[in-house]
Amino acid sequence: MSGILLLAALLLPLGVAVHFLAPGNRATLAGRSLFFAWVYAAVAAAAGLLALGSEGGIALAAGQHFLPTSRFQMEARLFLDGRNAAFLLLLGLCLPVVFTFLRDRAESYGRGHYASAWMLAFGLAGVFLADSLLLFYFFWEAALVAVYFWIGLYGKTSHRGAEVYPTLLRFVLFTLAGSLPMLLSIAAVCAVNFRDPGLQGLPMAVQALSDVTRGWVFLGFLVGFAVKLPLFGFHGWLRDTYGVAPAACRALLSAAMSKMGAFGLIFVLAPAFPLEMQVLAPWLMTLAAAGALYGGLLMLAQDHLLDLLAYASLSHLSILALGVFAAAANGDVAVTGLSGAVLIVFNHALIMVLLFVLDARVLEGGLSPDRGLLSGLRARQRRLFAFLLLAVFASASLPGLSNFPGEVLIYFAAFTISPWFTLVAGLGALLGAAALVRALHEAFLGKPAVRRPDLLPAADLGRGETLLALALSAVWLVLGLCPMLLLGPVQRAFSLIHSMGWMG
Amino acid sequence: MRPLLLLALPALPALSALILALFGGRFSYNAVGTLATAAAGAAFALALGFAATGLLGTDAYLALDLGPWMATDAFQAAFKLRLDSLGMCMVLLVTFFGFLITAYSVGYMRHDREQSRFFASLNLFVASMLTLVLADNLVLIFLGWEGVGLCSYLLIGHYWDEKGVPLAAFRAFFVNRIGDLLFILGVFAVFVAFGTVSLSELSALGGTQIPGREWWAAFAALLLLGGAFAKSAQAPLHVWLADAMAGPTPVSALIHAATMVTAGIYLVARLDWLYAAVPQARFLIGICALVTLVVGAFMALTQHDIKKILAYSTLSNLALMFLALAAGSSQAALLHLFGHAFFKALLFLSAGSVIFSAHHEQDARRLGGSLKALPVTRIAFWVGCVGGAGLIPFLSAGFFTKEAVLESIRLSALDGFGIHVSGAALYWIVLAVESLSALYLFRLLGYLSAKPAAHDLHPVHDHGAHDAHGHHGAPKETSPLIRAVLILLALAAPLFALFSGTPKLLAWVTGGHGHAEHLHWGHVLPFLILNLVLAAATFWIFSGNARRTAVTGALSKLRFGNRGPLTHKFYFDALYDRIIVLPLKVIAWTLALVFETLFIGVISLTGLLGRGLSASARRLQTGRAHHYALGILLGAVVLSAFLVFHFLRNRSF
């Protein structure tokens, strides 16, 4: 049963993507996609909760010789335990949100839009579930390809004037610059015994490498994940890619795809390279704290809500990375830092997805509010503003909402290394929150005015959207007040791994 | 009472807030007001029930442990509520004023808009404050701590489409957030130092565990102090409080009397054992409080906006409480917290009644004579002013509590960083500045009692969109609810004053451990008389239009109050603009222009590099056969040379 659920969680998106590639009734595209999204949410929730509830998680394997004609041993294995269940859950929950809120505008999109979206979901599900390194890499690139087609087909010149194709090229180059070293690392690991050790076997497998080789393998992985997350300095693709991408795509980019990088940090670097991580931890933590502050500072200089959200992503994900690096630096807080990071992975996704879709719902045509051109939108969009404000406070880790426990654990883990890391990262979060609140104030409060004729405020949220936003907020509230629901199984899973001697 | 009922204290108003936020728009105004008042009233009734169990004045406590809130192997914070004697006093205070102010608001907000949002925030405010005072650990306190911050932000921004209001809300949010960051860092420092964040465990081991951890303890004390300063509006983090007057008046009463600003005092008082071990922190408290005391009192003297006068007076009173904390007397600080709550609530609610009946006019100069037409408000205002200035023992809510503070200051001294300020010197400074409270309160009362000038009753100005009620003309007390609450409070304040003269209150806030200082009437009487004379003279001057014009004219000739620090809020705003806001903006824009271009350009650089390499490589491909032939020849030579070399070296291939 659990095996079937795992397989469904992986293959359902692929099936839906193929379904949308076949010719069909264009008018029902949005509705069908939403339907599948809910089905997928149910599947992901079932699988995720099953994994959270069971000791040691669930797995599905297809035999040692997945590649029949080769001497190369590779086990096609999927696994889901307390650590990665949150990743699958967030993917399942984000899809219905995206397709519900952007449904009206999606009418103008063709089949390619939905096929790309579901291909992306397929790639993401694969990355989050696959144990085999080669499969992991395959899904990693599949997600990239899906985004490439999605933006290439439906992207628009950004408000900053960034063109679609140069931006897309830059995105692909950045990502390849990260994923090719990662491929080399995977190849180096697989070459040891001519066998794919899988994520679970990776900590053992890298022990067979010489120190120097292991160092290079580590760096290869690190670069790949640093670009995807992105870490400070590797984020050159971020702002303009969000700018040109269709609204649904950018919501998934921030909420779900950035979590591929987080997944790599948590599942590859932390368990398999404890020594390397520990040596580099001060530098990596500095990089992460700097990223949080840099994102927050840059948010002060943005005129556009969309850019603010892009840099907010950078800032928040840097805090997440800070937790992983702190866990590596100090074995005493290993479980705390990693559990905090997983909590942030899940909650950040659920908050950012709403922020991005609501941002696209403020103006007609999916435009994002621009500073100084609009004010007093609240008169017309009361509910929209209420949820935007709530989401901003949630993203700023208001206690009682879901981001808070994870951030506390990460801040505490970093604090035990040095209070400076927490102070700098916290300062970044503070500035970022202030910039977001100020931007919302400028667009929504004050006397109603629109100072450019092409900016048309959209209608307020409808009944269904309000209900969904309420449901999401309820999840934030419940996980904010009872974080142990998620934290309990997550940290149990990490404690299990930790007691086996991995992670320092 | 069952401990589980402790949960109901914050849960009742929180639930009401949730219902109002979700469905309030569909309810009638009366239903909204009734629900909100009933929730706050139920919490008050529950608090009375708990008080009847004999917690007050003893060591007994009730605890409710709901398991871990967040817990890993390295960090634990429990969801645990604890009600002891001090907590009981705070709960009574919060629910009593929360209930009265909510009821008052039902009258005050009747003609307003978005009432359900207002009442939802009001209820949530009370719920957050209750969480704060019931929480047994610092992380849970932080839940309430940020909760009151959020609610104050929402309520200050209530008139969201008016000029200046969003900015005021933003400033409250931002300054409080700075404090919150320091607070949470302080919580971590406490955990690192002591291995727990539970208040009861901390105070149990606090005194004994400090040796060897002085550094962490000092660090924690200073960081938590940052949080307390922001919440309780002490310099240099006091700038948000006066702006916060942009909200509806009942909100100001709630923020200033019972919730929010008292949180910082409460926190430092709870952690008294920690601050006792860190004299530097106490010194810092003393200095900052002294600055705030002066800023508050002098600013209150020069303002004309009724609410701003009262807001600055709050600053000054909070500074008094912090001075008591600096003097090591948390009991005096807590006593004055309660005394202040009574007269400040009365003052703000009376001011609200004046403002309400004058169609939201707040300038005291244009409200001449408004008290004449408002008999109940007039009595309440007088009781509040007499209480605030501490003029009549056993009748002024602030008299004994203020004396307790002054006495604690006199008996102590500020020591730290090699500086010594004797208690006597401090006492005289504080006494001098404090006597200004008689001046600014009776100046205000004088303005409101003066004969109206002909143009004052019908001020020609824009009432603003929220002034939808149509009863223009002479001010009248129209709302029975407002009158009822004012009467109740005007009776409660003297009762409290009587009560505060007995040792009972002290026993309540200290759980029976406090020891009262004897009041030296010989010390007090001269100043009491001086204050009475000051108050009477001020009132006499300001209640007569001709006298007032003469005096203010003479003062303005001195250019006192027209130029200089008083008109610029002691330059704090300008300073922050220059040393924080401007540099941040410059840094942000520099990063955006320089660094971002760099990071984005990295990949373009690699493109350029690739293009450059291929450009040079392309030159080799000339397309001429003899060039290629030459290349082949060169290659052959190099290869043969290598082979020959290899053979010569190894004597074999």
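A disulfide is a pair of cysteine sulfur atoms within 2.5 Å.

View 1. A search of the whole structure finds zero disulfides over all chains. A:Cys190 has 5% relative accessibility, so it counts as buried; buried means under 20% relative accessible area, exposed over 50%, and partly exposed in between (1.4 Å probe, protein chains only). B:Cys89 is also buried, at 5% relative accessibility. In this predicted model local features need pLDDT of at least 70 and side-chain atom pairs count only at pLDDT 80 or more, while totals for chains, interfaces and linings use all residues. Residues are numbered from 1 along each chain as its sequence is written, chains are lettered from A and ligands numbered from 1 in the order in which they are written, and side-chain values use heavy atoms, with hydrogens and water left out.

**View 2. Helix α14 of chain A, residues 334–361.** Helices are DSSP runs (H or I, at least four residues), as are strands (E, at least two), numbered from the N terminus. The expected span is 1.5 Å times one less than the number of residues. For the 28 residues of α14(A) this gives 40 Å, which agrees with the 40 Å between the end C-alpha atoms. Because 28 of its 28 residues are buried, α14(A) is largely enclosed by the rest of the structure.

**View 3. The salt bridge between chain B and chain A.** The rule finds one salt bridge across this interface, a side-chain nitrogen of Lys or Arg within 4 Å of a carboxyl oxygen of Asp or Glu. The side chains of A:Arg378 and B:Glu114 form a salt bridge at 2.8 Å, N to O. α6(B) gives the most to the side of chain B that touches chain A, with 14 residues.
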